[in-house]
Amino acid sequence: MKNNLLNINNLLMNYSISIILPVLNEINSLKKTLTILNKIKLNKEFIIIYSEKLTSKFVKQEINKLKIKYKNLNLYKQIRPYVGGAIDLGISKSKKSHIVIMASDMETNPNELKKMTNISVKNINSIISADRWITKKGFDNYGIVKFFANFIFQKLLKILFDYNILDFTFAYRIYPKKALKGYRIKELRHGFALEILLTPMRRGFDVVTVPVKWQKRVEGNSSITLKSYLSYMKVLLRSL
C-alpha cells in the first residue's frame with residue numbers, strides 16, 4: 001500500500017497538463033470553465049486561442065483580464081482557420097507533459113477533467129478519451145437527427161478500424177505530448193477530432209475511454225456547418 005502511494009506521488013511530480021481552450025465569444029462559459037479547472041491540483045497551464053476576426057473586442061478585453069487573474073494562462077491569436085487551426089496552434093505552444101483538448105463552451109464538461117486526469121496519471125503513455133456512447137445517458141438535448149447520424153457514423157468507424165472505442169469524434173481528450181509531438185493537423189474543420197485520434201493510434205498509442213455526458217451549450221452559437229460534417233468524411237477517406 002505504501003509503495004503504491006509512493007509510485008502515485010512520483011507520477012504526480014512528473015505529470016503536468018497544458019489545457020487548450022479555443023474561444024470565439026462564449027466568455028461567460030470560458031470563465032466558468034477556468035474556475036472549475038483551476039481547482040484541479042496539478043501542475044497546469046491554460047492556453048487560450050482566440051480569433052482576431054471572429055472574437056469581439058469586448059471578449060478580447062475580458063480574456064486579457066483573465067491573464068491577470070490566472071498567472072498560468074497564455075493567450076494566443078489564431079493563425080490557421082477553424083477549430084482545428086486553433087488546436088494545432090495550442091499544441092505547438094504547449095509546455096507540459098500532457099495536452100488536454102476541450103472546448104470553452106461547457107459542451108465538454110470541465111467537471112469531468114479531474115476524473116480523466118486521475119486515469120491519465122495511472123496510464124501515463126495512453127490517450128484518455130471522453131466517450132459519450134459508453135452509457136445510455138451520454139447526450140442531453142443533442143437533437144434526434146444529429147444523434148442518429150452520430151450513431152451511424154460511429155458504427156461505421158468501428159467496423160472500418162476495429163478499435164475498442166465507441167466515440168471517435170468527441171474532441172475531449174488528454175494526450176501524452178509525445179503522441180502529438182511534431183504533428184501538424186491537416187483537417188482544420190471539426191474532422192480534426194477524428195484525425196488526431198486515428199493518427200497516434202496508428203503510431204501505437206493506446207486509448208483509454210472514460211464515460212462522460214454531453215450537454216448543449218447555453219452561450220454562443222455552434223460553428224458546425226455542413227462543411228464541418230463533410231470534414232469527418234474527408235479524414236475517413238484519407239485514413240482508409
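Trainee: What's the relative accessible area of Met-106?

Mentor: Met-106 has 24%, so it counts as partly exposed. Buried means under 20% relative accessible area, exposed over 50%, and partly exposed in between, with a 1.4 Å probe and protein chains only. Keep in mind that this is a predicted model, where local features need pLDDT of at least 70, side-chain atom pairs count only at pLDDT 80 or more, and totals for chains, interfaces and linings use all residues. Residues are numbered from 1 along each chain as its sequence is written, and side-chain values use heavy atoms, leaving out hydrogens and water.

Trainee: Where does Met-106 sit?

Mentor: In the loop between S4 and H5. Helices (H or I, at least four residues) and strands (E, at least two) are DSSP runs, numbered from the N terminus. Met-106 also has a positive phi of about 75°, although it is not a glycine. Most residues other than glycine have a negative phi.

Trainee: Which other non-glycine has a positive phi?

Mentor: Asp-162, at about 55°. Asp-162 lies in the loop between H6 and strand S7 (173-176).

Trainee: Is Asp-162 buried or exposed?

Mentor: Its relative accessibility is 64%, so Asp-162 counts as exposed.

Trainee: New topic: what does Lys-95 touch?

Mentor: Leaving out residues up to four places away in sequence, Lys-95 touches Ser-18, Glu-45, Asn-74, Tyr-76 and Lys-177. Lys-95 is in the loop between H4 and S4, and with a relative accessible area of 57% it is exposed. Lys-95 and Glu-45 are 50 residues apart along the chain, with their C-alpha atoms separated by 8.1 Å.

Trainee: And Ser-18, buried or exposed?

Mentor: Buried, because its relative accessible area is 0%. Ser-18 lies in strand S1. Its contacts beyond four places in sequence include Glu-45, Ile-47, Lys-95 and His-98.

Trainee: What about H4, which of its residues are buried?

Mentor: Gly-84, Gly-85, Ala-86, Ile-87, Asp-88, Leu-89, Gly-90 and Ile-91. What covers them includes S1, S2, S3, strand S4 (98-101), helix H7 (177-180) and H8.

Trainee: Which residues touch the most others in the largest nonpolar core?

Mentor: Ile-19, Leu-21, Leu-30, Ile-63 and Leu-113, out of 36 residues. A nonpolar core is a set of buried Ala, Val, Leu, Ile, Met, Phe, Trp, Tyr and Cys residues joined through side-chain atoms within 4.5 Å. Apart from it lies another core, of 34 residues, among them Ile-101, Phe-153, Tyr-175 and Leu-188.

Trainee: What does Leu-21 touch?

Mentor: Not counting residues up to four places away in sequence, its contacts include Leu-30, Phe-46, Ile-48 and Met-102.

Trainee: Last one: which residues are closest to the centre of the largest pocket?

Mentor: Of the 50 lining residues, Val-83, His-190, Ser-222, Ser-223 and Ile-224. On a 1 Å grid over the protein atoms alone, a pocket is an open set of points where a 1.4 Å probe fits, with protein on both sides within 12 Å along at least five of seven lines, and lining residues have an atom within 4 Å of a point.

Trainee: Which element gives the most to that lining?

Mentor: H9, with 5 residues.

Terms used. Contact = heavy atoms within 4.5 Å.
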